[in-house]
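Dear colleague,

I am handing over the structure below, and my notes on what was found in it follow. Please read them with the coordinates open.

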Amino acid sequence: MNRSLHRIRWFFLFVLIISVISLPALAEDYSARLDSLHFDIALQADGSALITETRTIVFEGDHEFTRYGVNNYFTGSRTFADWQVFLDGTPLSRLSEPDNENRPENCFAVEDGEGENTVYIYFRQQGSGTRVFRISYRLENAVKLYKDNCFRRRS
């Protein structure tokens, strides 16, 4: 009985060692990393803001990437308009709605939701490389304008 118990321990130890050794092989060997993010915001006379987000993404590994999603979360009612998306300086075509199943290359779509929106960018990146995504849009009523003059000169 003692010998059987000893064999069972060795068997379980062997299984444990094999599973630990094989874990790194099962891990996904790819990543997408945000290298830099830059915002340009230009306030307009009507209270809207023209916003341009420039994101540099570093892709690593042999995986094929076909979609990149950008989420905007906000409070209150916001209106976004005049969407433009560029990939490595090339303008992309806008779809009327997201197509996450077919993911048509060199296109983008905007999905609006309650308190958020998501921009889906469809492209192809096979293996490692760096891509620059530029997203431009107009945010209506970014600042509130009032007719009265709140700042007065003191004499």
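In the strand β8, Val-119 stands opposite Val-70, where strands are DSSP runs of E of at least two residues, numbered from the N terminus. The model is predicted, so that local features need pLDDT of at least 70 and side-chain atom pairs count only at pLDDT 80 or more, whereas totals for chains, interfaces and linings use all residues. Residues are numbered from 1 along each chain as its sequence is written, and side-chain values use heavy atoms, with hydrogens and water left out.

β3 and β8 (residues 116-126) pair in the antiparallel sense over 9 bridges, pairing being assigned if DSSP finds at least two bridges between two strands. Both belong to an open sheet of 4 strands with mixed pairing, in the order β3-β8-β7-β6; its edge strands are β3 (64-73) and β6 (93-94), each of which pairs on one side only.

β2 pairs in the antiparallel sense with β1 (residues 30-43) over 13 bridges, and with β9 over 11 bridges. Within these pairings, Tyr-30 has Gly-61 as its bridge partner in β2, while Ile-51 has Tyr-137 in β9. Of the 13 residues of β2, 10 are buried (under 20% relative accessible area, with a 1.4 Å probe and protein chains only).

Trp-83 is among the residues with the most contacts inside the largest nonpolar core, which has 22 residues (a set of buried Ala, Val, Leu, Ile, Met, Phe, Trp, Tyr and Cys residues joined through side-chain atoms within 4.5 Å). Leaving aside neighbours within four places in sequence, Trp-83 is in contact (heavy atoms within 4.5 Å) with residues including Phe-108, Val-119 and Tyr-137.

Best regards

Notes:
Buried means under 20% relative accessible area, exposed over 50%, partly exposed in between (1.4 Å probe, protein chains only).
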